[in-house]
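Colleague: Please put the model up, and then I will go through it with questions.

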Amino acid sequence: MSATFPGRRLRARAARRRLAGRDGAARLLVGAGGCGEAVGAAVILAALRREVERRGERVAVAPAGCGGMCHDAAQVTLQRPGRPDVTWGRVSADQARTLVAIAAGELAPAAVPNGFAWSAEPVDGLDGLSRVPFLAGQRRLLLDRVGRVDPVDLDEALDHGVYSGLAAALARPPEAVVEEVRRSGLAGRGGAYFPVATKWEACRRFRGPRSLVVNAEEGEPGVFKDRHLLEGDPHRVIEGALIAAYAVGAERIVVYVNGQARLARGRLEAALARARRRGLLGTGILGAPFACDVEVREGAGGYVLGEESVILESVEGNRPMPRVRPPYPVEEGLWGQPTAINNVETLANVPLIIERGADWFAALGSARFPGTKLVCISGDVARPGVVEVEIGLALGRVLDDLAWCRPNSSRRPLSRGSRTCYSDPATSLRSTRRVRCWRWCGG
Amino acid sequence: MRPRAKDVYGPIDRSGRVRAGVGRLPRWRIAVPPPSDTKRTEPGASPDEFRSLDEGGFDRLLSALPRERSALLPALLLTQRRLGTVPDWAVERIAAHLRLTVNDVEGVVTGYPDLRRNPTGARVVRVCTGLGCWTAGADRLTAALTAALGIRLGQTTPDGAIALEETPCCFLCGVAPVVDVDGVRHGRVNADAIAAFVTAGAPLSRAGAEGCSE
């Protein structure tokens with residue numbers, strides 16, 4: 001069995017379909033994440049569709065996730081073959097006519113204000129990435145596709161190499177997958193930074209059937225990174241969850257989504273349906289002797305639901321109360337079965353590790369905690385949103401360069417809970433190991 | 001043709017052993033219809049018509065769910081989506097369908113803050129008072145809404161038309177302040193515009209997105 005043959009075949013087919021479908025036509029993507037929807041992304045999307053239909057133009061219009069620039073929502077991104085993508089921020093529905101004219105090549109991209117190009121150099125009179133500090137200061141690996149693809153489109157995902165990590169993982173024994181993740185040093189991104197491979201190995205020690213629970217119930221106020229991932233790139237999360245399920249030998253995956261995150265849940269379910277239709281879920285995934293399926297569950301509010309044992313109680317249909325440990329969930333979890341529970345962001349890292357290797361991942365970030373971290377910024381800053389930076393970057397840089405605290409702000413932290421412990425802006429991401437989110441406010 | 005072992009037992013790994021989780025697909029996926037909240041916000045669809053599901057119709061709805069305890073929260077969410085609340089009779093029907101006691105169901109309903117046991121206004125306006133929205137002026141929104149509606153937070157207008165509540169973080173801190181009207185979130189709202197939108201249905205123009213109206 002060659003290492004990636006099923007993945008490669010799927011990928012080639014996906015590329016053919018995409019070529020046949022789009023054939024070099026331009027595409028307008030509306031940044032319709034939760035934040036974009038709240039400021040009228042749906043209205044913009046409808047206006048763009050109407051305008052394209054009225055003109056009979058061959059321009060595709062699709063909703064995308066939010067790329068993290070919540071301060072600039074609603075955004076519209078223009079993609080043309082052979083040209084760098086162009087994104088405009090704070091777009092309103094009135095600008096639909098101009099945007100479609102730009103997509104048709106009649107007007108220059110600078111006809112709509114607030115635009116920038118996804119290239120190093122300025123293009124068509126628009127700033128390049130170096131003039132967009134919010135993006136220039138980031139290391140976007142997990143957010144790479146978020147906001148710049150149709151999130152549920154499986155062909156596009158396959159074309160971008162999503163699920164090739166799964167194919168690579170299925171070609172090896174599960175123990176080798178666990179070992180690769182151990183060498184990468186990946187730590188749980190839910191807040192506790194527990195070594196992922198240790199948890200998986202512990203789970204493997206107990207007799208199956210086993211389960212994998214994906215914790216997408218981020219209930220901490222001010223934290224919205226997991227829903228950005230699910231809204232913007234659900235296929236990456238599904239791939240990560242499948243690799244994790246293969247590694248721990250789990251036959252079922254339960255994704256527990258926050259009850260407020262309806263958009264994230266909808267996109268995830270749509271992506272799952274497409275993956276299931278193409279044989280990426282079910283029995284004999286990618287021709288390998290591996291069977292797994294995913295169920296999506298939804299919460300109904302309450303901060304305590306984010307705690308892993310509460311999720312288990314909730315799925316079982318009990319009152320949402322934490323369990324006494326030990327036994328830990330890896331021994332007795334869902335319905336008493338060994339259960340690994342991982343955060344969405346953690347799992348989104350897994351395909352990258354399998355695909356590019358543990359050494360590549362271990363070189364990112366700090367020596368103790370390799371990799372990147374999604375940071376949610378909100379409060380009295382000029383540019384709230386989600387950023388991805390390497391762990392170890394000084395917090396002050398995130399706030400000054402990316403979020404741009406207002407000059408007169410005294411930068412006193414307003415929210416500091418058990419998981420958001422930090423002391424001063426010079427603190428680095430490394431020393432704030434329990435940090436999942438910072439909210440930084442002027443006093 | 002002789003059936004291959006793969007067809008009988010499901011896929012087998014190279015050592016010939018049936019690997020854990022292989023070949024058997026658990027039949028436990030619970031398919032819950034997607035949220036139908038949009039129906040509540042459609043102009044012309046009266047909330048009464050929407051909430052007039054009788055017990056027979058409710059039982060048909062429940063019959064899509066497996067009769068096991070694990071389906072309890074999905075059943076409750078389904079109920080709240082269709083009825084806007086979880087009334088006593090629904091608790092009894094759910095308990096009967098899932099073979100649980102009424103107390104079991106009652107205990108779980110009261111464990112989740114998002115599930116309502118009591119009827120509320122035909123429209124529900126919830127102001128996010130999470131920290132992000134608070135720093136962005138959520139108190140100004142509540143002040144404007146309480147003044148416009150003549151009720152306090154947590155109350156319903158005397159005609160039962162509009163309930164005003166506060167909600168913890170809506171996780172849209174990037175576009176604060178946020179108001180949730182019948183499940184639809186509106187970000188970067190200003191006080192006067194949201195009061196006019198709620199009371200008179202005036203178009204909602206947003207700070208920072210001028211001209212973007214609904």
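The questions and answers below go from the conventions to the strands, helices and cavities.

Colleague: What kind of model is this, and how are residues numbered?

Modeller: This is a predicted model in which local features need pLDDT of at least 70 and side-chain atom pairs count only at pLDDT 80 or more, while totals for chains, interfaces and linings use all residues. Side-chain values use heavy atoms, with hydrogens and water left out; chains are lettered from A and ligands numbered from 1 in the order in which they are written, and residues are numbered from 1 along each chain as its sequence is written.

Colleague: How many helices and strands does chain A have?

Modeller: Both are DSSP runs numbered from the N terminus, helices being H or I of at least four residues and strands E of at least two. On that basis chain A comes to 16 helices and 13 strands.

Colleague: What percentage of the residues in chain A is buried?

Modeller: Buried means under 20% relative accessible area, exposed over 50%, and partly exposed in between, with a 1.4 Å probe and protein chains only. Chain A has 443 residues, and the buried share is 63%.

Colleague: Which strand order does the open sheet of four strands in chain A have?

Modeller: Two strands pair if DSSP finds at least two bridges between them. The edge strands of this sheet in chain A, each pairing on one side only, are β8 (293-298) and β9 (339-343). The pairing is parallel, and the order is β8-β7-β6-β9 (chain A).

Colleague: How many bridges join β7(A) to β8(A)?

Modeller: On its β6 side, strand β7 (residues 250-257) of chain A pairs in the parallel sense with strand β6 (residues 210-216) of chain A over seven bridges, and A:Leu212 has A:Ile253 as its bridge partner in β7(A). In β8(A), the partner of A:Val254 is A:Glu295. The pairing of β7(A) with β8(A) is also parallel, and the number of bridges is six.

Colleague: Is β8(A) enclosed or exposed?

Modeller: A:Asp293, A:Glu295 and A:Arg297 point one way from β8(A), A:Val294, A:Val296 and A:Glu298 point the other way, and all are buried. Six of the six residues of β8(A) are buried, so the strand is largely enclosed by the rest of the structure.

Colleague: Which strands of chain A does helix α13 lie across?

Modeller: Angles run from 0 to 180 degrees between N-to-C directions, with axes as lines fitted to C-alpha atoms, for helices over the stretch in contact. Helix α13 (residues 308-316) of chain A runs at about 100° to β7(A). The strands of chain A that α13(A) lies across are β6, β7, β8 and β9.

Colleague: How far apart in space are A:Leu229 and A:Leu143?

Modeller: A:Leu229 lies in helix α10 (residues 225-232) of chain A, and counts as buried at 1% relative accessibility. Beyond its neighbours within four places in sequence, A:Leu229 is in contact (heavy atoms within 4.5 Å) with residues including A:Leu143, A:Val344 and A:Leu374. A:Leu229 and A:Leu143 are 86 residues apart in sequence, while their C-alpha to C-alpha distance is 7.3 Å.

Colleague: Which strands does β1(A) pair with?

Modeller: Six of the six residues of β1(A) are buried, so the strand is largely enclosed by the rest of the structure. A:Leu28 has A:Val61 as its bridge partner in β2(A), and A:Leu29 has A:Thr77 in β3(A). Six bridges join β1(A) in parallel to strand β2 (residues 59-64) of chain A, and four join β1(A), running antiparallel, to strand β3 (residues 76-79) of chain A.

Colleague: Which strand gives the largest share of the lining of the largest cavity?

Modeller: A cavity is a set of points, on a 1 Å grid over the protein atoms alone, where a 1.4 Å probe fits but cannot get out; lining residues have an atom within 4 Å of a point. Of its 15 lining residues, the closest to the centre include A:Gly67, A:Thr77 and A:Trp118. The largest share, three residues, comes from strand β1 (residues 26-31) of chain A.

How values were computed: On a 1 Å grid over the protein atoms alone, a cavity is a set of points where a 1.4 Å probe fits but cannot get out, and a pocket is an open set with protein on both sides within 12 Å along at least five of seven lines; lining residues have an atom within 4 Å of a point.
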